[in-house]
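This briefing is intended for reading alongside the sequence and the model. The points are grouped by topic.

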Amino acid sequence: MADEKKDSIHKRDDGWQPVTLPGIRRLQFFSDLRDRALTKNFNRLAMLGIGASLALDVAKPIAGGAPQTIYCYECRACYATQDKCPAGIAYQAELNVATRVGDPWRFIRAGGMKCVRCGGCVSFCVINLDLPRIFSVGQEKAMAAIMAGRVPRRQIAEAFRDGLFGREFIDRVAAWLKQNGRQA
Ligand code: SF4
Ligand code: SF4
């Protein structure tokens, strides 16, 4: 009898909580769903949105051929490369992020098309990312975006004037600019 009473005191009663998943009556032990949001559905929608954006953050770099970029802390320790970079690139982390998010103009503007993939910046990366490989993917993506007309001609011409295209790319970009000379 005493044991029964003890059990009933310690038994958790979840019956009044809303069903969050089949067979599960609450979302987290430490919270009361009734106090959390205006409606239960709003709460679920918010969780779904957070989950989807996290999944997209991971899926996009994997699909884009640069999975290592996910691990970049964006700590900027690689900026210490300074004069060890033969191409004079000052913002290696920026190149990493631009490759991760698939932003060709951001990559070009940060000097990514001048990178000769020498690996001089790798020893400055706190997690030893394979930066030349990542930047190579960024360069391929940027060239593909230029050729497909996804970067405005005005921006490409500006980058060209500013010397942001290295020897490897300059001929192709010059030809593209010539061929697309009349476009805005
Ligand atoms: S890999 Fe590219 S960014 Fe890194 S030091 Fe060499 S040229 Fe500079
Ligand atoms: S040092 Fe490495 S982890 Fe930090 S920002 Fe640069 S690339 Fe990313």
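This is a predicted model: local features need pLDDT of at least 70, side-chain atom pairs count only at pLDDT 80 or more; totals for chains, interfaces and linings use all residues.

How do the residues of the shell around ligand 1 divide into nonpolar, polar and charged? They comprise 11 nonpolar, 4 polar and 1 charged.

**Ligand shells**

- Ligand 1 has 16 residues around it, and those that come nearest are Cys 85, Cys 115, Cys 118, Gly 120 and Cys 121.
- The greatest contribution to the shell around ligand 1 is made by helix α5 (residues 131–147), which gives 3 residues.
- Ligand 2 is surrounded by 14 residues, of which Cys 72, Cys 75, Cys 78, Ala 93 and Cys 125 are the closest.
- The shell around ligand 2 consists, by class, of 10 nonpolar, 2 polar and 2 charged residues.

**Largest nonpolar core**

- The largest nonpolar core contains 23 residues, and Phe 107 and Ala 142 are the members that touch the most others.
- At least two residues of this core come from each of α3, α4, α5 and α6.
- Helix α5 gives the most to this core, with 6 residues.
- Leaving aside residues up to four places away in sequence, Ala 142 touches Pro 104, Phe 107, Ile 108, Gly 112 and Met 113.

**Helix α5**

- Helix α5 has 17 residues, so at 1.5 Å a residue it should span 24 Å; this agrees with its end C-alpha atoms, which are 24 Å apart.
- Its buried residues are Leu 131, Ile 134, Phe 135, Gly 138, Gln 139, Lys 141, Ala 142, Met 143 and Ile 146.
- An α-helix has 3.6 residues a turn, so residues three or four places apart point the same way.
- The cover over the buried residues of α5 includes α3, α4, α6 and α7 (167–179).

- Most residues other than glycine have a negative phi.
- Gln 82 is not a glycine, yet its phi is positive, at about 40 degrees.
- Gln 82 is found in the loop between α2 and α3 (92–101), and this residue counts as exposed because 12 other C-beta atoms lie within 10 Å.
- Asn 128 is likewise not a glycine and has a positive phi, of about 55 degrees.
- The position of Asn 128 is in the loop between α4 (104–109) and α5; Asn 128 counts as exposed because it has 10 C-beta neighbours inside 10 Å.

**Exposed helix residues and their partners in space**

- Val 58 belongs to helix α2 (residues 40–63) and counts as exposed, because it has 11 C-beta neighbours inside 10 Å.
- Between Val 58 and Thr 69 there are 9.4 Å in space, C-alpha to C-alpha, and the two are 11 residues apart in sequence.
- Arg 154 is part of helix α6 (residues 153–161), and Arg 154 is classed as exposed because it has 10 C-beta neighbours inside 10 Å.
- The C-alpha atoms of Arg 154 and Gly 181 are 9.9 Å apart, while the two residues are 27 residues apart in sequence.

Technical notes. Residues are numbered from 1 along each chain as its sequence is written. Chains are lettered from A and ligands numbered from 1 in the order in which they are written. Helices (H or I, at least four residues) and strands (E, at least two) are DSSP runs, numbered from the N terminus. A residue is buried if 20 or more other C-beta atoms lie within 10 Å of its own, exposed if 12 or fewer, and partly exposed in between; C-beta atoms are placed from the backbone. A residue is near a molecule or strand if its C-beta atom, placed from the backbone, lies within 6 Å of it. Ala, Val, Leu, Ile, Met, Phe, Trp, Tyr, Cys and Pro count as nonpolar, Asp, Glu, Lys and Arg as charged, and the others, Gly among them, as polar. A nonpolar core is a set of buried Ala, Val, Leu, Ile, Met, Phe, Trp, Tyr and Cys residues joined through C-beta atoms within 7 Å. Two residues are in contact if their C-beta atoms, placed from the backbone, lie within 7 Å. The expected span of a helix is 1.5 Å times one less than its number of residues.
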